[in-house]
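Subject: A structure for you to explore

Hi there,

Here is the structure I promised to pass on to you. Have a look at it first, and then read on for what turned up in it.

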Amino acid sequence: MKKSVQLNNTTIGEGSPKIIVPIVGSTREEICSQAREIISVKPDLVEWRVDLYEEIFDYEKAEKTLDVLAEILQEIPILFTFRSSLEGGEKYISAEEYHNLNVWAASRQEIAMVDVEGRREDLDGKALVGAIHDAGTPVIVSNHFFHKTPDKEMLERIFSELEDTGADILKLAVMPQNELDVLRLLEVTVEMKEKTDKPVVTMSMGKLGVLSRISGGLTGSALTFGTVGAASAPGQLPVQELRTILGYL
C-alpha cells in the first residue's frame, strides 16, 4: 500500500505534485520579507534553506527567526533544509554539527519536516533519520549531483540506499548533460514509483531538465519546486507558471 505524508492540510504522495517554494534569505529581515511575498501565491510548502542564513549556528537567534517565520506563514508547512557544501549548498558543516542541527530543528513544533543528506560518507544517515523520527517529525532523505547524472544502475542503487535509511520521502536531484540524461531520470522515477511504497521526488536541474519539474503527475514525482523571486537551484519555474502548467497535465 502506498504511503503518504500529511503536513497540516497538505498530503504529499497523493494527487498532483505539491508545489514547494524556497526561502533563501541570509538575514532575518530578508527571510521574513521573502515569506511575506511567498504567502500571496499560496504554495503547498515552504523550504527554509538555512545554510544560506548567516546566523543558523546561533540557536537562540535561529529560534527567534523561526518563530517570526512561522507566524508569517501560518498554516503553510515549513521544510527545514541545511544543504551542505558537499551537495551544492552554501556552507560546510561537520557530520556531528549536521546531526545536532537537524535533530534540533525536528524538535521545534514550527518545523513540519526535515530534509537530510542521507548518503554523506561521514554520517550515519539511518541514525539521523531515526533521531528525527524520535522527535516526531517526518524526513526527506536526499542526494544531489550538481555536475552530472549518474548511469541507470547507479541511480537505482542510490534510491535503494536512500530507502534503507527509513526516511518518509526519497529525493534525488541531478544535472543533465544531454536529453538522454533527463529521460533516464524520468524512467528511473517511474520505476521507483512502482517499487517503493514511499513518495519519490526527482528533478533534473537546469534548462534541459525543466520537463522533470512539470511531469510528476506522469512519473510519480510528488513534489516540485517553484520560485517567488530567487531560486534555490537552476531550472526552477515561477510558481504561477508552474501551477498553470500542472493544471493542464
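Let's begin with the overall form. The protein has 249 residues, and a compact globule of that length would have a radius of gyration near 18 Å; the value here is 17 Å, which agrees. Please keep in mind that this is a predicted model. Along the principal axes, the C-alpha atoms fill a box of roughly 45 × 40 × 35 Å.

Buried residues account for 56% of the 249. The accessible surface is about 10900 Å², and carbon and sulfur atoms contribute 49% of that. If you look at contacts between residues at least 6 apart in sequence, 73% of them join residues at least 24 apart. As for charges, there are 26 positive and 40 negative ones, and their mean positions lie 4 Å apart.

Now for the fold. You can find nine helices and 11 strands in the protein. Nine strands form an open sheet with parallel pairing, in the order β9-β8-β7-β6-β5-β4-β3-β10-β11. Its edge strands are β9 (200-204) and β11 (237-238), each of which pairs on one side only.

Is it buried or exposed? Six of the six residues of β3 (residues 18-23) are buried, so the strand is largely enclosed by the rest of the structure. In a regular strand, side chains alternate between the two faces of the sheet. In β3, Lys-18, Ile-20 and Pro-22 are on one side, Ile-19, Val-21 and Ile-23 are on the other, and all of them are buried.

Which strands does β3 pair with? One is β10, joined to β3 by three bridges in the parallel sense, with Lys-18 opposite Leu-223. Another is β4, which pairs with β3 over four bridges, again in the parallel sense; here Pro-22 stands opposite Glu-47. Gly-226 has Leu-237 in β11 as its bridge partner.

Most residues other than glycine have a negative phi. Lys-42, however, has a positive phi near 50°, and so does Gln-74, at about 55°. Where are they? Lys-42 is in the loop between α1 (28-38) and β4 (45-49), while Gln-74 is in the loop between α2 (59-73) and β5 (78-81). Lys-42 has a relative accessible area of 65% and is exposed. Gln-74 also counts as exposed, because its relative accessibility is 56% and the cut-off is over 50%.

Finally, take a look at Thr-219, which belongs to helix α8 (residues 216-219). With a relative accessibility of 4%, Thr-219 counts as buried, because that is under the 20% cut-off. Leaving aside residues up to four places away in sequence, Thr-219 touches Leu-186, Thr-189, Val-190 and Lys-193. From the C-alpha atom of Thr-219 to that of Asp-58 there are 40 Å, and the two residues are 161 apart along the chain.

Enjoy turning it around on your screen!

Best wishes

Definitions and conventions: Residues numbered from 1 in each chain as written. Predicted model: local features only at pLDDT ≥ 70, side-chain atom pairs only at ≥ 80, totals over all residues. Heavy atoms only, no water. Helix = DSSP H or I, 4+ residues; strand = E, 2+ residues; numbered from the N terminus. Rg over C-alpha atoms; globule rule 2.2 N^0.38 Å. Buried < 20%, exposed > 50% of the residue type's maximum accessible area, 1.4 Å probe, protein only. Contact = heavy atoms within 4.5 Å. Areas by Shrake-Rupley, 256 points an atom, 1.4 Å probe, with all protein chains shown as cover. Lys, Arg positive; Asp, Glu negative; His and termini not counted. Charge placed at Lys NZ, Arg CZ, Asp CG, Glu CD. Pairing = 2+ DSSP bridges.
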